[in-house]
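This report describes selected features of one structure, beginning with a helix and continuing with the nonpolar cores.

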Amino acid sequence: MTPRMENKRSVPWESWDGVCQRCGKESAVHIMSMFNVQLICISCSDVEREHPKFEEARKAEHDATKSGDRNFEGIGLPEGLKSGT
Ligand SMILES: [Zn+2]
């Protein structure tokens, strides 16, 4: 298992209530989406990583945190990752 803590944005962990904010499943583990500020489960995170725009999102987040913006909200959820699609 590799740690999945490369996401450095400040995270409203207290808004986590045990349910993935994307797929709605209960999850013991959560991570902030790289595309927006949803708290999602590991399987949703894995789906994000497969998305062609993930690198773009990751880079935008990296640039934002590097310049001190810890409240970067992401590039927005791309088509194909929106819930219900
Ligand atoms: Zn999920």
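## Helix 2

Helix 2 comprises 13 residues, 54–66; helices (H or I, at least four residues) and strands (E, at least two) are DSSP runs numbered from the N terminus. The expected span of a helix is 1.5 Å times one less than its number of residues. Just after helix 2, Gly 68 adopts a positive phi of about 95°.

## Basis of the model

The model is predicted: local features require pLDDT of at least 70, side-chain atom pairs count only at pLDDT 80 or more, and totals for chains, interfaces and linings use all residues. Residues are numbered from 1 along each chain as its sequence is written.

## Nonpolar cores

A nonpolar core is a set of buried Ala, Val, Leu, Ile, Met, Phe, Trp, Tyr and Cys residues joined through C-beta atoms within 7 Å. The largest has seven residues: Cys 20, Ile 31, Met 32, Leu 39, Ile 40, Cys 41 and Cys 44. Strand 1 (31–32) and strand 2 (39–40) each contribute at least two residues to this core. Another core, of five residues, lies apart from it and includes Met 34, Ala 57, Leu 77 and Leu 81.

Cys 41 is located in the loop between strand 2 and helix 1 (42–50). Cys 41 counts as buried because 21 other C-beta atoms lie within 10 Å; the cut-offs are 20 or more for buried, 12 or fewer for exposed, and partly exposed in between, with C-beta atoms placed from the backbone.

Neighbours within four places in sequence aside, Cys 41 is in contact with Cys 20, Cys 23, Lys 25, Ser 27, Val 29 and His 30 (contact: C-beta atoms, placed from the backbone, within 7 Å). Cys 41 and Ala 28, 13 residues apart in sequence, are separated by 8.0 Å from C-alpha to C-alpha.

Conventions
Two residues are in contact if their C-beta atoms, placed from the backbone, lie within 7 Å.
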